[in-house]
Amino acid sequence: MNGRIKRAFTLVITSAIVLSQTAPASVFAGTSKDTGTVKQTGTVTAAMSTAGVTGTLSNERLTHNYTTVSAGYSYKDYTGKDVILDISTLSGKAGSINFNYNADYPNPVAMVKAGDSFELKVNVPENGLYFIGFDYLSYDESILPIEMSLMTDGEFPFYEMRSLKFETTWGSRDEKSIDRYGNEIVVMPDKLKQWEHKELSDGGYRYSAPLKVELSKGEHVFTIDVNEGRFLLGNITLSAPKKPAEYTGSEEASGNELITIEAEDFYLRNDSSIHAIGEYDTAITPTYLKETKLNVIDEASFNEAGQTVTYRFDVAKAGFYQIALNYRQSEKNGFPVFLNYRVDGEIPNTEFENYPMEYTQKYRTTTLSDDDGKALSLYLTEGTHTISMTISADPVRYALEEVDKLISEISDLSLEVKKVAGTNKDKYRDLRITRYIPGVQETMQDWVDRLYAITEKAGSYIGTADPEKVAAFSYLLIAAKQLKTLVEEPNDLVYRVDELSTGSNSINTQLANFVDIINNNDLSIDRIYIFQSGAKLPKKLGFFASLFQKIGRFFYSFFGQSYSASNTDPDHIQVWVNRPRQYVEIMQKMIDDSFTPTTGIKVDLSLMTDAQKLILSNASGDTPDIATGINYSIPFELAIRGALTDLTKFPDYREVFGRYSDGILVPSVIGDGLYSLPETMNFYSLFYRTDILDKLGLTAPDTLDDLIAMLPDLQMRGLNVFYPSASMSGMRNFHATTPIIYQNGGVLYGPTALDIELDSEKTVYGFTELTELFTLYDLPVDVPNFYQHFRNGDLALGIADFNCYNLILNAAPEIANSWSIAPVPGVYDPETGKVNRYMSGGAESTVMFKSNDEREKQAWAFMSWWSSTEVQAEFGQMLQIMYGDEYIWPTANLEAFKLLPYPTSDKNTILEQAQEILEAPRLLGSYMLEREMSNAFNDIVVNGETVRSRVDDAVKVIDREVRRKLEEFGYIDEDGNVIEEYLIPSVERVRQILGEN
């Protein structure tokens, strides 16, 4: 799980739910009647196997993973020579395979891409365990790693073979990047177009070593499916497994040599998002007082298992050397982060494997040593060498896998209790759950024992510390104590069932917190020392020198604030940006490197922390030329008051606005003008768990009727579907209330603002369909976080937006390859023969404030440049390359979106749904329409009122407010007579303005 996502959201990790079709009494079929104890195979998961529910991907992840399968291997490691497979015999199952020769590679290569599937016949020389290695060269510009799956003889040997990732190497540029304020900023790394070699390893990086595959002598068929990437495929090799040499002791590192490596000066890295950051701390180097200098690895970027950084250094004198790091590891309270150290590409010995970097809140210098405290040393020859550090999760894999099983089993019990007891949680209800679910008490005691066993096994890393004071393991102990209270009173499960997996303080939530912390490997490194025992490592600044620097730093903090509206040139175009600083830094760099040299127009960007500042600045007359990153509903409020420029005054406006879906432009319209440019879109899609639907024999629904038809199959198993309104606890905005209305052909207004159509036949029908999802078909009304429930599996389908997509894609590794997205289920239109899938999609916009003609021309040049396909694509790519996969840029420019590094299959779905974006119009009094639709929804769904009467009441309130606002702005007089018709924005109106009709 990515650390940056974790700091933005509280992520609750729950395992995929395993579906049950058994009678309650058979749940614990493996319970021993003679002894009363519970066998491992007698838990909920095993009982479901007897019911024929095994085989789902979620269950296979727990029961057929590499740890389980490799424990049953009967063959020994292969020890012979490498077997190079002839890829010219590849036969394509899907796509086309083009064979070619590459000047840098001696053998034929295959050009493959996402969607290709091919088979390869393999002659295995003898029975044994093999590493399978791939040579590959990624030649596209995507930051996404190559992803493949591999079957042998038509089956996956173990679960991890479904998702195999092959990273590319990123190099650092020699020059530093300095912004206009003199601050050093992150440099764009370069993707190296070079041949790489990697043995199979799991996509979750829980295993440090490559995965062994057991193969018998003779002919086999490998089936390889390419899920992501465009690359050249070279040799596929079967090789003998290798292990690091056993540690036998360290030699004395005599001498006075000292080699210092600044950790921010990367040589290579396997993840483009690993980057340096500038921190002010007198314990690190280089320090700075005024202008920022990058001086440490950003711990938020170096935090995931599998990430590797590599440094190059020169040795002037051959001999034995020791290694020390000045680092900080302050996230895992009381528990280490583990690193694999490689020198010249190899782990020197077992002591350098899974080396624990202890918890420390402040930077400290530590020399690598063995268990006896003796410094580790290694022999280095004269010349150039490399040292690499890879974050490892291998030492805690046992705990992660065991907790995964526990979460799954506890979720299964929760489902079984609900099937037995229903939703009635009356504590005085006389229902003995132990009679319906035999062995439940013993099973929960087994879970308690397993939790204590996990904590006990971690003792070697915790040392003498109290486990309750070690943040990660304290959650396991809390969960164990909760379970013990249920063991003592198992029949309380009837009304305490939420304590198992669904409550905010449930046992599974505690287990999820454990996984969250254990996966958080934030590690900040300042310096690396390669030295001999006679050398003296640099000392930290003394007290008075440190105090002097801190005083100087405090003094400079009052001057020259970068990206501040108070530190700009009034002759430049002023742009206020409502986005985080790293976005602004990239934007300003692109402007200074590309836009200004081309146009001669100078632009100053300023951070805007609150978009409401625009309304205040407009009142005071202190507005920028342009504001960007503001909510798409704000431009109307500014434009109707005469603050914004009508962008149709510029001759090329049709070309610029033609970059967007017509439906997303509706809120930009006032009269005959367009007053804002979309910047990003908040796309919606149908999210569904492929593992769960596959097992139930269901497919992703195409229409709303299809969705309703599958509800009985889901709900009889305790599953359900999420609709966006459920995440809006108070105000249900247009994103939730309008889509089904539009899908049924309904509208909110007629031709003018006084023609309110909320009570029209089609609109009422659509609103009725929406509310019946909850009143008639029992969809959950209140779901604060769909993401968590989707991971858990109890909401196996849901219509959700971009933010949820980003979370599931980047922060739910345990369900990778077990979910997908599809276009939103819509309403079939017999007149057109198509399914209407209209959904909202507005997010952020860019606007221009009124000024003189010359400044407006320059401002328009910037807006045209910033919204262009090339610039939006470059910006989106730079964001992800420099800061990580989770920095997805959801540009509203559809041509630019095609060029962004989204997973290929997802991108196609999102683009298809983007054509169906239809925003509600923004006009005088529309806020009251939005509010009353929300109130009506709540009254109908929660309070049981009827649709027709509640809508009629809403129309009266809306009409009164609209008339008041029309009078305020001079569209009608005080007697209600129309002075000027207020025409309703619509897709048809957008097309007229753009000359498309």
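This briefing covers nonpolar cores, strand pairing and one loop proline.

The model is predicted, so local features need pLDDT of at least 70 and side-chain atom pairs count only at pLDDT 80 or more, while totals for chains, interfaces and linings use all residues. Residues are numbered from 1 along each chain as its sequence is written, and side-chain values use heavy atoms, with hydrogens and water left out.

**Nonpolar cores**
- A nonpolar core here is a set of buried Ala, Val, Leu, Ile, Met, Phe, Trp, Tyr and Cys residues joined through side-chain atoms within 4.5 Å; buried means under 20% relative accessible area, exposed over 50%, and partly exposed in between (1.4 Å probe, protein chains only).
- The largest nonpolar core has 160 residues, and M681, L758, F767, L797, W860 and Y982 touch the most other members.
- Leaving aside residues up to four places away in sequence, L758 touches V747, L748, T763, V764, L929, M933, V951, A954, V955 and I958 (contact: heavy atoms within 4.5 Å).
- A second, separate core of 45 residues includes Y205, F335, V396 and V470.

**Strand pairing around β15**
- Strands (E, at least two residues) and helices (H or I, at least four) are DSSP runs numbered from the N terminus, and two strands pair if DSSP finds at least two bridges between them.
- Strand β15 (residues 218-228) runs antiparallel to β5 (residues 117-124), with eight bridges joining them; F222 in β15 is the bridge partner of L120.
- Strand β7 (residues 146-152) also pairs with β15 in the antiparallel sense, over six bridges, and L150 has I224 of β15 as its bridge partner.

**P580**
- P580 lies in the loop between β29 (573-577) and α13 (581-599).
- P580 is partly exposed, at a relative accessible area of 42%.
- The C-alpha atoms of P580 and L607 are 7.6 Å apart, with 27 residues separating the two along the chain.
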